[in-house]
Amino acid sequence: MMNLESVQVMQYQLRLSGSHYQQLKQHLFPGDGKEAVAVALCGRHERQGLSMMLVHKLMLIPHEACIRTEDNVTWGTEVLLPFLKEASNPKKNMGILKIHSHPGGYPYFSETDDAADADLFSSIFGWCETDAVHGSAVMLPDGRIFGRAFTPDLISYPFDKISVAGDEFKIWEHSIGAYTPDDFAVRTAQAFGDGTYAKLKRIKAGVVGCSGTGSPTIEQLVRLGIGQLVLVDPDEVEHKNLNRILNTTRDDADAKKYKTAVLAERIQAFGLGTEVYPYAENLYDSINALDDLISCDVIFGCVDSVDGRHLLNQLSNFYLIPYFDLGVKLEADGMGGISRIAGTVHYLQPGASSLLSRGMYTTKMLLDEALKRQDLDEFNKRLKAGYVHNANVDRPAVISINMQLSSMAVNELLNRLHPFKFEQPRNYAKVSMDYSDGSICNEAEDELVVDDYQVKYAGRGDMQPFLGMSDFSTLSK
């Protein structure tokens, strides 16, 4: 007799970048009240219990090439050939998504849709000789998307979660249970609305770096009622950082406990319902931590290293995850004081600008840090000769500044779930604080340099080597 508890329930997800979402919305609703259609070539992410489709390229089927009515659209599928050739390449392992509109707002697949999908996907599976799913989706006039994944035997399963990583975060779930705000969270719901609180309860957030800005970020997310947290940091609690890691003690430092283990233990003790998944590992060495971050709805990067920031930026782009990068800069005056206090919150969305294109670091700096990680002796030789830089040095650290910048980042998250600022969220792609002169300024995504590499690989998903990075050429993904 089968043990039902041992049966793995598969979850299906669909992700889009903000840019692709806007292109689809404009194309599928041209204003004439008739259905329209588009096709996407999708990257994939497959792990135990999760099958994810990631929109990588769009093909907007021209309106004039279709027969369009208020409740039907007919089109010649021969235009799919370029996408089918890529999807059928076993080395690429990509999927096909069909998405059309229901201008009348009908929130289900119609019988006509069922027949059209059965015909289309039987042909697609004839081209693609894999068991991986393909998908069909519908966009409604308010921008909401619902959809389903098809298996090779043409059985369909609803996408459990569909998300958009754009100027605003959009998440639609197939099945949402009723909720009642906990006593501790009533005021959060009052401030940002029941809808925002409900979203927070269902969000899985990753925080990489659990010390300076990471610690207060974790604290705020838990107190706001975040559903799940993935914590990544390879270091132990030390006496020197007790002054900036919330909820740590001298006993933790004496016992050399890992930061992630201590914080996970304290969060569970709060009893606020947040599930925690701690990883006391370096991201470059942990496929499990990387896998768990990929499943997150948003990531906060609270690391100092160039290569750590670069990895997180690439991860968020390949897997269509909204990413906040936090950085504090305190410059010592050489006389025991601080001459300048500054910090920046970068919001990175897939297929747009990157930390590299924003000038946060150079390719040379990235190569230097890769050398330090891979061959420390050679790095030290070059450092002594003045050929490489050394970014990882101890700097002044003040918890009040870390907490202020962390609060700015968390408020940017809230602003993208429930916009409350006078300006649109797109105008806050970069927020810089200079506490020395009392200024806070913001820059819009449109003012920043687009990274062509990010555009090329947004939504690419699983590939070899992982993220296209030679660092992972021996890491099985």
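**Figure 1. Cavities of the predicted model.** The structure holds three cavities of 30 Å³ or more, where a cavity is a set of points, on a 1 Å grid over the protein atoms alone, at which a 1.4 Å probe fits but cannot get out. This is a predicted model, in which local features need pLDDT of at least 70, side-chain atom pairs count only at pLDDT 80 or more, and totals for chains, interfaces and linings use all residues. Residues are numbered from 1 along each chain as its sequence is written, and side-chain values use heavy atoms, with hydrogens and water left out.

Figure 2. By class, the lining of the largest cavity has eight nonpolar, one polar and three charged residues, with Ala, Val, Leu, Ile, Met, Phe, Trp, Tyr, Cys and Pro counted as nonpolar, Asp, Glu, Lys and Arg as charged, and the others, Gly among them, as polar.

**Figure 3. Close-up of the second largest cavity.** The second largest cavity holds about 50 Å³ of space and is lined by S215, I218, E219, L246, N247, L263, I267 and F270. Helices α6 (214-223) and α8 (259-270) each give at least two residues to this lining, which divides into five nonpolar, two polar and one charged residues.

**Figure 4. Close-up of the second largest pocket.** A pocket is an open set of points with protein on both sides within 12 Å along at least five of seven lines, and the second largest pocket has a volume of about 520 Å³. Of the 22 residues that line this pocket, R309, G327, V328, K329 and M360 are the closest to its centre. The elements that give two or more residues to the lining are α10, β16 (323-332), β17 (338-348) and β18 (430-434), and β16 gives the most, with six residues. The lining of this pocket comprises nine nonpolar, five polar and eight charged residues.

Key
On a 1 Å grid over the protein atoms alone, a cavity is a set of points where a 1.4 Å probe fits but cannot get out, and a pocket is an open set with protein on both sides within 12 Å along at least five of seven lines; lining residues have an atom within 4 Å of a point. Grid points are joined across faces, edges and corners, and a volume is the space filled by probe spheres set on the points. Helices (H or I, at least four residues) and strands (E, at least two) are DSSP runs, numbered from the N terminus.
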